[in-house]
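Please keep the sequence and the structure open side by side as you read.

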Amino acid sequence: MTYRIALVEDDPRLQANYAQALHREGYEVSSYSSRKEAVAAFDRALPDLAILDIMLGEEMEGGFDLCQHLRSLSPVIPIIFLTARNSDVDRVSGLRLGAWDYLTKDTTTLDFLPARISALFRTVEALRGNSANNRIIEHEDLRIDEDRKEVHWHGQPVSLTLTEFWILLCLARRPGHVKNHDQLMEAASVIVTNNAIAAHIRRIRDKFREIDPDFNAIRSEYGMGYRWQP
């Protein structure tokens, strides 16, 4: 599966360099230059990991504020600070706000950053794997491998973000059972609006329909939620 990374960096040159290095490793990167722009994007859909600068434009603490906002949406999404500020006070502040790592621009190379991100994703997968009960789910043309985070439909891979994967898994574990907004939100470890869940469902359907234009296994139940009904 392709991991989606949000990069919040107001320096256009650094933003381009970091994004290019991550693209080379196969990540999908969405770049933002301001806290306001990033907040609007995160409220629509969460990435699988976020990289934040602290000073964003005229906002000297913009990255710290953004980290708090992200943590209000998800308690588990990996967050990395990548900043020029290298004091211990800033490091402690960043970690206390919920960041998983604090890197400084003067010591973080374009080779090290993707390696560090890969290590964090391995940690996420290990934590998820330890709590999983069913490792393989198969329903007719659907196959989900929980350990590998892989989804196949009609034998072809479906590329989902982590959030989309957990939502699909929640639905597919109990075909025919309706899952409401809160249940899907809990499954994906995010705190979002009903509209955001609907947007995730829409993207999941679109990705299945790229393989099978007649895909209709995720049913909307008005006023209740969604169900997997092949």
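A residue is called buried when its relative accessible area is under 20%, exposed when that area is over 50%, and partly exposed in between. With that cut-off in hand, turn to Arg 85, in the loop between β4 (79-83) and α4 (88-96). Its relative accessible area is 15%, so Arg 85 counts as buried. What surrounds Arg 85, leaving aside its neighbours within four places in sequence? The residues in contact with Arg 85 are Ile 54, Met 55, Met 60, Glu 61, Phe 64, Asp 90, Tyr 102 and Thr 104. Look at Met 60 in particular: its backbone oxygen lies 2.7 Å from a polar atom of the Arg 85 side chain.

Before going further, a word on confidence. This is a predicted model, with a mean pLDDT of 89 for the protein and 95% of its residues at 70 or more. Among the elements, strand β3 (residues 49-52) has the highest mean pLDDT, 97, while helix α5 (residues 112-131) has the lowest, 80. Where pLDDT is low, the predicted coordinates should not be read in detail.

Now follow the chain back from β4 into the loop that joins α3 to β4, where you will find Pro 78. Pro 78 has a relative accessible area of 4%, so this residue is buried too. Beyond its neighbours within four places in sequence, Pro 78 is in contact with Asp 48, Leu 49, Ala 50, Trp 100 and Val 124.

The Ser 34 side chain reaches the backbone nitrogen of Glu 37 at 3.1 Å. Setting aside neighbours within four places in sequence, Ser 34 is in contact with Val 8 and Leu 56. Gly 223, in the loop between β10 (218-221) and β11 (225-228), has a relative accessibility of 78% and is therefore exposed. From the C-alpha atom of Gly 223 to that of Ala 6 the separation is 32 Å, and the two are 217 residues apart along the chain.

Next, the helices. Two packed helices are described by the angle between their axes and the distance between the axes. Start with α2 and helix α3 (residues 62-73), whose axes come within 10 Å and cross at roughly 10 degrees. The two helices are therefore roughly parallel to each other. On the α2 side, Arg 35, Ala 38, Val 39, Phe 42 and Asp 43 make the contact, and on the α3 side Gly 62, Asp 65, Leu 66, His 69, Leu 70 and Leu 73. By class, these residues divide into six nonpolar, two polar and three charged.

How do α6 (residues 162-173) and α8 (residues 194-211) cross? Their axes also come within 10 Å, but the angle is roughly 85 degrees, which means that α6 is roughly perpendicular to α8. Here Thr 163, Glu 164, Ile 167, Leu 168 and Leu 171 of α6 meet Ile 197, His 200, Ile 201, Arg 203, Ile 204, Lys 207 and Phe 208 of α8. This contact has seven nonpolar, two polar and three charged residues.

Conventions. Residues are numbered from 1 along each chain as its sequence is written. Side-chain values use heavy atoms; hydrogens and water are left out. Axes are lines fitted to C-alpha atoms, for helices over the stretch in contact, and angles run from 0 to 180 degrees between N-to-C directions. Helices (H or I, at least four residues) and strands (E, at least two) are DSSP runs, numbered from the N terminus. Angles under 35 degrees count as roughly parallel, over 145 as roughly antiparallel, 65 to 115 as roughly perpendicular and the rest as oblique. Contact means heavy atoms within 4.5 Å. Ala, Val, Leu, Ile, Met, Phe, Trp, Tyr, Cys and Pro count as nonpolar, Asp, Glu, Lys and Arg as charged, and the others, Gly among them, as polar. A polar contact is a pair of N or O atoms within 3.5 Å; within protein, one must be able to donate a hydrogen and the other to accept it, and residues adjacent in sequence count only if both atoms are side-chain atoms. pLDDT is the predictor's confidence in each residue, from 0 to 100. Buried means under 20% relative accessible area, exposed over 50%, partly exposed in between (1.4 Å probe, protein chains only).
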